[in-house]
Amino acid sequence: YIVVLKRRERNEFQIFAGFGRSITSLVATTLAIGCLGALLSLTLSGFVEPSARYLLIRSLEAVAIQAIRDGELSSGRFYDVGDTTFYATSGRLNRTADNIFMYREREDEIDTVIVAGRLFNAEFSEIGRVGILLNNVTKYDIPDRSRSLILEECADCSSVSRLDNLKHAYFQNYYMRLPAVNTENIERPRQPQEYTFFDIFELEEWSSGIRKVMAERLLRGALCVVTPFIALLAVAMTHRAT
């Protein structure tokens, strides 16, 4: 736009018209610039950006997996290791943490809730297996099947409901090992924004997310073609005062 505007202000196009030159070369140059921009846009949005986005997510996942292996987990957040969720209000889980809450859903239809005052030096192995030593522990075992029974029997109860199957125990020190987590096989389904054109055209059926991503990429390319012509039209429809 700036180049063509300066040439117009110098009356170069009037001189070319006097030589019998048409605007064909100008339109062809504008079209070539637009097509080059569209090609660059499709290359970036269709190949470079999805690959870079996918590599970024994989790198972040690798950092998270390494944090689980090494136990570099800070307090104030919930973490899932296998079938166990744990939380600490302060400290670090690979050193000493205070006020521990753990929830474990076991295969024998018994949920275990553990509330501990302190955690000492959790052991995180390379295969994701975690061993922890807890202090001042209260352990609750809650059968899953008791939940539906309570809801059925006490649906119309106005009194305080009972949980007869609840078992609890207190331990001064309690050591437990969490189930192993194969961190190498932790995978996340690829998002539509992470698909390259090659990946998209290999799909048998396009989902709504894939169609949306394709439309966005094609519209960006089309915008690159149209933009130089908008600039050319702006030069043609204005004069020195405007």
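The paragraphs below lead through a predicted model, beginning with its largest pocket and passing from there to a surface patch and to the setting of leucine 119.

The largest pocket has a volume of about 400 Å³, and its lining is made up of 17 residues. Among these lining residues, Phe13, Ser22, Ile23, Leu26 and Leu232 are the ones that lie nearest the centre of the pocket. Several helices take part in this lining: helix H1 (2–9), helix H2 (12–18), helix H3 (24–70) and helix H6 (208–236) each contribute at least two residues to it.

Together with Leu44 and Val48, Leu40 makes a nonpolar surface patch of about 270 Å².

Is leucine 119 buried or exposed? Leucine 119 belongs to strand S4, which spans residues 110–124, and it is buried because its relative accessible area is 4%, where the limit for that class is under 20%. In sequence, leucine 119 and glycine 91 are 28 residues apart, while in space their C-alpha atoms are 9.2 Å apart.

Methods:
Residues are numbered from 1 along each chain as its sequence is written. This is a predicted model: local features need pLDDT of at least 70, side-chain atom pairs count only at pLDDT 80 or more; totals for chains, interfaces and linings use all residues. Side-chain values use heavy atoms; hydrogens and water are left out. On a 1 Å grid over the protein atoms alone, a cavity is a set of points where a 1.4 Å probe fits but cannot get out, and a pocket is an open set with protein on both sides within 12 Å along at least five of seven lines; lining residues have an atom within 4 Å of a point. Grid points are joined across faces, edges and corners, and a volume is the space filled by probe spheres set on the points. Helices (H or I, at least four residues) and strands (E, at least two) are DSSP runs, numbered from the N terminus. Patches are made of residues with over 30% relative accessible area and no salt bridge: like charges are joined within 9 Å, nonpolar side chains (Val, Leu, Ile, Met, Phe, Trp, Tyr) within 5 Å. Accessible areas come from the Shrake-Rupley method with a 1.4 Å probe; for residues, only the protein chains shown count as cover. A salt bridge is a side-chain nitrogen of Lys or Arg within 4 Å of a carboxyl oxygen of Asp or Glu. Buried means under 20% relative accessible area, exposed over 50%, partly exposed in between (1.4 Å probe, protein chains only).
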